[in-house]
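Hi,

Here's the structure I promised to pass on. Have a look at it first, then read my notes below.

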Amino acid sequence: MSESPTPERPPRAFCQATGFVYQTIGFLLTLGTCCWWSFAGRVATEARPSEPGRQVVDVMTDASPAQLWGLTAVCASFVGGLVLVAAGIALQHDMSASGRFAKWFTGAVAAFFTAYSVMCIATFPGWGRTPTALVMAGVWIVMFLLAGASAEELRRNPPPKRDSSWTPRDEDDLRKAASLRRRDETSR
């Protein structure tokens, strides 16, 4: 009786799966933050100019601490989502430094959302602010743990070196030569 060989697990399968999760969560955070940002103005108080004759709001002087923390949380969520998408792509393509970068970045954002959660519970109670901050802290802590495991896997099993003397210009020239489209005569 011959046994069929079992396929080996790819050496960095966890990193690639983490990259997929990062891309998915990053996309949802980026898209969701855009929607939540516009909705947040409906449930939160808005900043008003502190001087009676001034028409324009200066965020740094007119906003309350709760509003500043909320604004920073929204910006961190949006930018963090974009960075998660990029880190996910890097993890899926076995970039050796991507695990360490993802670990430090998600750790910093997780620390911010944990501090924001503590501030919401202690100082800024609200029906929407505290649960949202707690959920975001939880999401970023999970992302941090995934990044730590991926960084360890990349450290234990580094990707092969990519020794290539090709430059991006060489790749572009090859792509143009192999293209079936006619050359544009106007851009010589």
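Is Leu31 buried or exposed, or something in between? Leu31 turns out to be partly exposed, because its relative accessible area is 46%, and partly exposed covers the range between under 20% (buried) and over 50% (exposed).

Now the whole chain. Keep in mind that this is a predicted model. Of its 188 residues, 27% are buried. The protein chain exposes about 13200 Å², and 64% of that comes from carbon and sulfur atoms.

What about contacts within the chain? If you take those with a separation of 6 or more, 75% are between residues 24 or more positions apart.

Last, how far does the predictor trust its own model? The average pLDDT of the protein chain is 81, and 78% of the residues score at least 70. Confidence is highest in helix α4 (residues 98-122), with a mean of 92. At the other end is helix α2 (residues 59-62), where confidence is lowest, at a mean of 70.

Cheers

Definitions and conventions. Residues are numbered from 1 along each chain as its sequence is written. This is a predicted model: local features need pLDDT of at least 70, side-chain atom pairs count only at pLDDT 80 or more; totals for chains, interfaces and linings use all residues. Side-chain values use heavy atoms; hydrogens and water are left out. Buried means under 20% relative accessible area, exposed over 50%, partly exposed in between (1.4 Å probe, protein chains only). Contact means heavy atoms within 4.5 Å. Accessible areas come from the Shrake-Rupley method with a 1.4 Å probe; for residues, only the protein chains shown count as cover. pLDDT is the predictor's confidence in each residue, from 0 to 100. Helices (H or I, at least four residues) and strands (E, at least two) are DSSP runs, numbered from the N terminus.
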